[in-house]
Every structure is written in C-alpha cells, then in structure tokens.
Amino acid sequence: MRDHDIQNMSKWLIVLSVCLITIWGRITLASNHHRGHSVHVKAGTCEVIAAHRCCNQNKIEERSQTVKCSCFPGQVAGTTQAAPSCVDAYIVLQKWWCQMQPCLGDEECKVLPDLTGWSCSTGNKVKTTKVTR
C-alpha cells in the first residue's frame, strides 16, 4: 500500500470511530434519561410527580396533582395533613374522607354533600377537594 492510501484509510477509520463513539454516547444518554424519569417510591409513602395550577373565569384557583404511591396491603393513596399519603382503604371505599385527616391542624374538615370529596375551612377561607379517578 502506498502512503497516500494508508493516510486515507487512517482518516476514514478516525471518522468511523468518532461516529461510533457519538452514536454509543447518544444511546447511553437516552437510556439513562429514560431511567431518570421513573419514580421509585419508598414503601408506605407517596410522592408528587406532577403539579398543575390555574385560575378559572371566576378567579378561583384550581390545583391538581399527580401522585405515585407505594402503599402497604389494605392501604390506598389518600391525603393526610394536606399532603399525599397512604391511608386505610376502607376510608376511601366508604368515602369517610375526614377520617384520613386531610386538613391542616387549624382547619375544619367537612365531607361534601354528594360525597365526592371534602372541604377544609378556617375563618372565611375554604379549600375544596374533589376526588377523581
């Protein structure tokens, strides 16, 4: 082989190596990125994985959140002291919302008349929570 042919082949090997390293790096990054989005929740606890807030036409603030829980047998996702938590399943099944103590300490809990949720009130401030599945 001539020196010119060896130089050309060396250049192509370098270009090919760089391309392979770049592709391998992107695959590794994509694999790690996908793993980074999975939420591992400790047994018996819940974590908020997404939160949304907006205002409707009546200037009432609306909030929603997506929660991932890892509850023990006999428990389901619920709310305790205004935070996501695992609660006894019978509370949710029977819609005895206030038994899971969803309000903060200085707030009064009342189940909504249609049993779709509860309200926490203190003074003239009322926070209403409706359960959706």
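Me: Before we start, what counts as a helix or a strand here?
Reply: Helices, of at least four residues, and strands, of at least two, are DSSP runs numbered from the N terminus. Strand S1, for example, covers residues 45-55, and alanine 50 lies in it. Please note that the model is predicted.

Me: How confident is the prediction, in terms of average pLDDT?
Reply: The protein has an average pLDDT of 79, and 69% of the residues score at least 70.

Me: Where is confidence lowest, and where is it highest?
Reply: Helix H1, residues 3-36, has the lowest confidence, with a mean of 57. Strand S5, residues 108-111, has the highest, at 96.

Me: On to the cysteines. How many disulfides are there?
Reply: The count comes to four disulfides. With the bonded cysteines counted along the chain, the pattern is 1-2, 3-4, 5-7, 6-8.

Me: What does cysteine 46 pair with?
Reply: Cysteine 46 is joined to cysteine 69, with an S to S distance of 2.0 Å. This pair links distant parts of the chain, as cysteine 46 is in strand S1 and cysteine 69 is in strand S2 (residues 61-70), 23 residues apart. The link is right-handed, with 110° about the S-S bond. Cysteine 46 is buried at a relative accessible area of 15%, whereas cysteine 69 is partly exposed at 26%.

Me: And which cysteine is bonded to cysteine 98?
Reply: Cysteine 98 forms a disulfide with cysteine 109, and their sulfur atoms are 1.9 Å apart. Here cysteine 98 is in the loop between H2 and S5, while cysteine 109 is in strand S5, 11 residues apart.

Me: Why is that disulfide called left-handed?
Reply: The torsion about the S-S bond of cysteine 98 and cysteine 109 is about -85°, so the disulfide is left-handed.

Me: Which residues make up the largest nonpolar core?
Reply: That core has eight residues: Val87, Ile91, Val92, Trp97, Met100, Cys103, Trp118 and Cys120. At least two residues of this core come from each of H2 and S6. In soluble globular proteins, nonpolar side chains tend to be buried together.

Me: Why would one say S6 is largely enclosed?
Reply: Five of the six residues of S6 are buried, so the rest of the structure largely encloses this strand. Serine 121, found in S6 (residues 117-122), counts as buried at 18% relative accessibility. Apart from residues up to four places away in sequence, serine 121 touches Asp106, Glu107, Glu108 and Val126.

Me: How many bridges join S6 to S7, and which way do the strands run?
Reply: Six bridges join S6 to S7, and the two strands run antiparallel. Their hairpin has two residues between the strands, and glycine 123 takes a positive phi near 60°.

Me: How about S5 and S6, how many bridges join them?
Reply: S5 and S6 are joined by four bridges and run antiparallel. In one of the pairings, valine 111 has tryptophan 118 of S6 as its bridge partner. Five residues lie between the strands of this hairpin, and leucine 115 in the turn has a positive phi of about 65°.

Me: Last topic: how many salt bridges does the structure hold?
Reply: The structure holds two salt bridges. In one, glutamate 107 pairs with lysine 127, with the closest N and O atoms 2.8 Å apart. Glutamate 107 is buried, at 14% relative accessible area, while lysine 127 is partly exposed, at 33%. Aspartate 114 and lysine 130 also meet through their side chains in a salt bridge, at 3.7 Å from N to O.

Note on methods. Residues numbered from 1 in each chain as written. Predicted model: local features only at pLDDT ≥ 70, side-chain atom pairs only at ≥ 80, totals over all residues. Heavy atoms only, no water. Buried < 20%, exposed > 50% of the residue type's maximum accessible area, 1.4 Å probe, protein only. Contact = heavy atoms within 4.5 Å. pLDDT = per-residue confidence, 0-100. Salt bridge = Lys/Arg side-chain N within 4 Å of Asp/Glu carboxyl O. Core = buried A, V, L, I, M, F, W, Y, C linked by side-chain atoms within 4.5 Å. Pairing = 2+ DSSP bridges. Disulfide = S-S within 2.5 Å.
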